[in-house]
Amino acid sequence: MLDIVWDTYARSGYDDVPGEAVQIHHLNCGTMVGGLVNHCLLLETESGLVLVDTGFGLACVRRPDQVLGPTHRLLRPALDANETAIRQVEALGYAPGDVRHIVLTHLDYDHAGGLADFPWATVHIHGPEFRALGKPGLVERFAYRAPQFAHGPRWAVNEWIGGERWFGFAAVRELPGLPEEILAIPLYGHRRGHIGVAVDTGSGWLLHAGDTIIYRSEYDAAQPGSRLAGFTHGITGVQPLDWLANLRRIRALHREHADEVTIISSHDPAAFRELSGSVR
């Protein structure tokens with residue numbers, strides 16, 4: 001599908017000991033139908049700024065039909081340039097070039113549509129997801145849009161090869177160029193190589209679970225709301241049984257470690273409102 005040059009790496013086997021605090025900015029990089037958000041993270045690290053997902057980018061705003069294709073009409077994104085990650089980085093007083101790394105939960109256009117705004121950045125992607133890009137299935141052909149990769153991203157492909165786990169989850173540790181406080185957590189189901197991103201804030205862990213969940217009510221029984229939307233979203237993924245298994249594990253993580261791990265998703269507007277504008 002694409003002519004891509006990339007590096008592969010895999011790390012494991014480290015204890016979950018506290019490290020340096022990572023400051024986190026919560027960004028909505030694309031409001032969609034029903035008030036859904038694109039909850040991205042901007043991390044301040046000694047290695048420079050790190051984005052977790054990009055949401056929609058400037059090319060999506062300017063040429064939505066070309067870059068996103070017809071399915072974006074179902075999501076009805078606002079396509080506001082001020083919501084793009086690059087404009088929000090600038091609004092925070094940083095230069096775009098300060099963003100050195102991007103960690104993607106997966107390659108859907110609402111998560112990776114802004115890659116072209118940071119062509120110099122190293123883009124960390126999980127191995128099964130990268131391979132799916134090269135040989136996409138039917139669903140992925142709609143979700144992975146070639147124009148968003150046409151600039152030739154600087155891919156860095158990671159793999160999980162076993163070793164020390166993170167709260168029972170598989171974990172890819174020490175992503176090259178990134179501090180040890182940032183981990184890739186395989187959460188397959190929605191996509192073949194979908195991951196969560198765990199960040200040690202210095203006062204606890206934050207797990208960005210991507211599209212494994214939509215609303216908190218899906219994993220926290222104390223939260224009001226229906227689980228139907230999340231269930232429908234999950235079973236329409238490419239690996240519904242893997243998604244269901246990981247959803248159950250997310251529920252167990254919250255039940256057993258809510259005092260240690262804060263769980264967020266990509267699209268929950270209520271959770272984003274609680275955290276937006278904050279730096280942890």
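**From labels to values**

Colleague: Leaving aside neighbours within four places in sequence, which residues is Thr-71 in contact with?

Modeller: Thr-71 is in contact with Tyr-109 and Phe-142, where contact means heavy atoms within 4.5 Å. The model is predicted, so local features need pLDDT of at least 70 and side-chain atom pairs count only at pLDDT 80 or more, whereas totals for chains, interfaces and linings use all residues. Residues are numbered from 1 along each chain as its sequence is written, and side-chain values use heavy atoms, with hydrogens and water left out.

Colleague: Why is Thr-71 called partly exposed?

Modeller: Its relative accessible area is 21%. Thr-71 lies in the loop between helix H2 (64-68) and helix H3 (72-75); helices (H or I, at least four residues) and strands (E, at least two) are DSSP runs numbered from the N terminus. Its C-alpha is 8.4 Å from that of Ala-143, a residue 72 positions away in sequence.

Colleague: What makes Pro-179 buried?

Modeller: Pro-179 has a relative accessible area of 17%, and therefore counts as buried. Pro-179 is found in the loop between S7 and strand S8 (182-186), and beyond its neighbours within four places in sequence it is in contact with Thr-45 and Ser-47. The C-alpha atoms of Pro-179 and Ser-47 are 7.3 Å apart, although 132 residues separate them along the chain.

Colleague: How do you know that His-126 is buried?

Modeller: The relative accessibility of His-126 is 1%, so it counts as buried. His-126 lies in strand S6, and its contacts outside the four-place neighbourhood include Val-157, Trp-160, Tyr-188 and Ile-195.

Colleague: How many aromatic pairs are there, and why is the pair of Phe-56 and Tyr-109 called tilted?

Modeller: Rings of Phe, Tyr and Trp (its six-membered ring) pair if their centres lie within 6.5 Å; planes under 30 degrees apart count as stacked, over 60 as edge-to-face and the rest as tilted. By this rule there are seven aromatic pairs. The centres of Phe-56 and Tyr-109 are 6.4 Å apart and their planes stand at 40 degrees, so this pair is tilted. Phe-56 lies in the loop between strand S4 (48-52) and helix H1 (58-62) and Tyr-109 in helix H5 (residues 109-112), so the pair ties together parts 53 residues apart in sequence. Both Phe-56 and Tyr-109 are buried.

Colleague: What makes the pair of Phe-130 and Trp-155 edge-to-face?

Modeller: Here the ring centres are 5.7 Å apart and the planes are at 70 degrees, so the pair is edge-to-face. Phe-130 in helix H6 (residues 127-134) and Trp-155 in strand S7 (residues 154-158) are 25 residues apart, and the pair links these distant parts of the chain. Both Phe-130 and Trp-155 are buried. In H6, six of the eight residues are buried, among them Phe-130 and Leu-133.

Colleague: Which residues have the most contacts inside the largest nonpolar core?

Modeller: They are Leu-104 and Trp-155, in a core of 28 residues. A nonpolar core is a set of buried Ala, Val, Leu, Ile, Met, Phe, Trp, Tyr and Cys residues joined through side-chain atoms within 4.5 Å. Elements giving two or more residues to this core include strand S3 (39-45), strand S5 (99-103), H6 and S7. Leu-104 is itself in contact with Trp-155, and also with Val-123, Ile-125 and Ile-195, among others outside its four-place neighbourhood.

Methods. Buried means under 20% relative accessible area, exposed over 50%, partly exposed in between (1.4 Å probe, protein chains only).
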